[in-house]
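Please read it alongside the coordinates.

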Amino acid sequence: MSWLRRTSVALVGIAAVLAASTACGGSKSDDDPNAKATLSYAVWDKNQVPAMEKLAADFHQSHPNITVNVQATPWETYWTKLKAAASGGAAPDVFWMNGPNFQLYATNGVLKPLDDGTDLSNYPKSLVDLYTVDGKTYGIPKDFDTVGLWYNKTLFDAAGVKYPDDTWTWDTFKAAAKKLTNKAKGVYAIGSELTSFQEYQYNTIYQAGGHVISDDGKKSGYADPATIEGLTFWTDLIKSGASPDLKTMTDTQPINLFESGKLAMYYGGSWDAAEFSTNGYTKSRVDVAVLPQGKKRATIIHGLANVISAKTAHPSAASQFVQYLGSKEAAELLAQSAGVLPAYNGTQDAWVKSHPEFHLQAFLDQLDYAVPYPVSRNTAAWQELETKYLTPAWNGQTDVATAAKQLASAMDGALADEK
């Protein structure tokens with residue numbers, strides 16, 4: 001699943017809650033590096049739990065005084081649970097963090113800065129920068145992901161369409177989509193989703209030459225004509241019938257339609273390799289290629305980081321565990337067991353070879369033109385506006401340009417409130 005998929009969790013107001021938590025005072029800590037400690041490690045992806053437990057066990061072998069309990073919470077409730085724990089001063093000792101939430105938690109004193117001389121040159125700079133604010137780095141990159149074009153070979157063969165490759169453009173994609181749509185059989189070319197901008201809208205926005213947020217984080221890019229063009233890419237597919245309507249995709253998410261042979265293509269991340277390799281339908285029928293090119297090439301890159309609670313009772317033990325998680329040894333184990341792209345430089349080949357049935361090299365081939373996931377200090381505040389203002393355009397109740405300009409105005413207000 002997408003780490004950034006939208007949820008119904010209300011995040012507005014979290015800043016006040018977290019700010020209040022910092023006034024509660026810190027916990028007494030045991031900073032003896034040799035003391036016995038039991039750490040809690042919070043994660044949200046059930047598919048990666050066995051790998052995280054394997055990492056915890058491997059770490060325990062070399063650090064017998066430290067035991068790590070992996071605590072899995074589904075994505076749908078992860079942030080709500082974390083917010084409640086953090087506001088009560090009881091966040092897990094170590095936990096997963098993503099880009100959109102990072103600055104909010106870091107600037108409200110929930111996270112412990114890295115102050116142990118970690119060599120951050122071992123990870124892509126864009127990911128290190130993602131977890132740095134006000135000159136302090138708070139997380140060691142765990143993995144990263146880019147977005148590719150997953151496709152159903154069986155449906156392509158039935159429609160007589162050549163498989164996608166790096167020569168595909170938006171025009172190639174649209175021509176193929178027309179041939180792949182078979183309403184008599186309930187088959188669509190693709191689902192124009194409005195719940196995961198990482199997989200869909202952000203990619204085409206940057207491919208069209210647009211932008212989501214200005215470099216200084218003060219202005220929305222949604223009123224830019226190029227950004228509007230990137231959004232129209234998706235609504236045109238709904239209008240043409242190549243995509244189900246929004247109600248159908250609300251009732252059944254596009255990934256589920258893809259996994260049941262109802263969608264020929266799916267804009268999905270590198271993280272989907274683990275899911276598709278175990279799904280009985282997709283494991284032998286799908287493959288992946290780089291995204292079609294618009295005015296230019298682009299794919300969104302994002303990655304998770306392992307962070308330490310500022311109020312952990314075991315800062316030394318937590319630091320040792322996070323250092324291990326950021327090691328080459330852990331990255332190679334992660335690549336082989338978790339089905340994700342490890343962030344440690346030079347360890348990605350093991351991941352590519354872990355699923356030889358898919359052309360996973362496509363995700364790495366896009367790194368040269370990958371665009372960092374757009375974030376600000378309170379990303380969630382304006383991301384909620386994206387869905388609110390663009391839904392009428394996806395429903396055909398208003399035109400995309402009008403919806404995008406209204407969104408830009410509202411987003412500018414949200415960004416102004418961050419200062």
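1. Division into domains. The chain is split into domain 1 (37–144 + 302–353) and domain 2 (146–301 + 361–417), with bounds that come from an automatic or database domain assignment. Taken over C-alpha atoms, the centres of domain 1 and domain 2 are 28 Å apart.

2. Basis of the values. This is a predicted model, in which local features need pLDDT of at least 70 and side-chain atom pairs count only at pLDDT 80 or more, while totals for chains, interfaces and linings use all residues. Residues are numbered from 1 along each chain as its sequence is written, and side-chain values use heavy atoms, with hydrogens and water left out.

3. Extent of the interface. Contact (heavy atoms within 4.5 Å) links 18 residues of domain 1 with 19 residues of domain 2. Between them the two domains bury about 1600 Å², 64% of it on carbon and sulfur atoms; buried area is the accessible area (1.4 Å probe) that two parts lose on being put together, summed over both. Pro 100, Phe 144 and His 302 supply 33% of the area that domain 1 buries against domain 2, more than any other three residues.

4. Polar terms across the interface. The rule finds one salt bridge between domain 1 and domain 2, where a salt bridge is a side-chain nitrogen of Lys or Arg within 4 Å of a carboxyl oxygen of Asp or Glu. It also finds two residue pairs in polar contact there, both at pLDDT 80 or more. A polar contact is a pair of N or O atoms within 3.5 Å; within protein, one must be able to donate a hydrogen and the other to accept it, and residues adjacent in sequence count only if both atoms are side-chain atoms.

5. The domain 1 side. Helix 4 (99–107), helix 5 (125–130) and helix 15 (348–354) are the elements that give two or more residues to the side touching domain 2. Helices (H or I, at least four residues) and strands (E, at least two) are DSSP runs, numbered from the N terminus. Helix 4 gives the most, with five residues.

6. Asp 134. This residue sits in the loop between strand 4 (132–133) and strand 5 (136–137). Its phi is positive, about 55°, although Asp 134 is not a glycine. The side chains of Asp 134 and Arg 377 meet in a salt bridge at 3.5 Å, N to O. Asp 134 is exposed because its relative accessible area is 61%; the classes are buried under 20%, exposed over 50% and partly exposed in between (1.4 Å probe, protein chains only).

7. Lys 112. The loop between helix 4 and helix 5 holds Lys 112. With a relative accessible area of 17%, Lys 112 counts as buried. Its side chain makes a polar contact with the side chain of Asp 115 (3.0 Å). Leaving aside neighbours within four places in sequence, Lys 112 is in contact with Tyr 138, Ile 308, Ser 309, Ala 310 and Pro 315.

8. Helix 13. Pro 315 is among the buried residues of helix 13. Nine of the eleven residues of this helix (315–325) are buried, so it is mostly covered.

9. Leu 231. Helix 9 (residues 225–240) contains Leu 231, which is buried at 0% relative accessibility. Beyond neighbours within four places in sequence, the contacts of Leu 231 include Gln 201, Tyr 222, Leu 390 and Trp 394. Leu 231 and Ala 401 are 170 residues apart in sequence and 8.9 Å apart in space, C-alpha to C-alpha.
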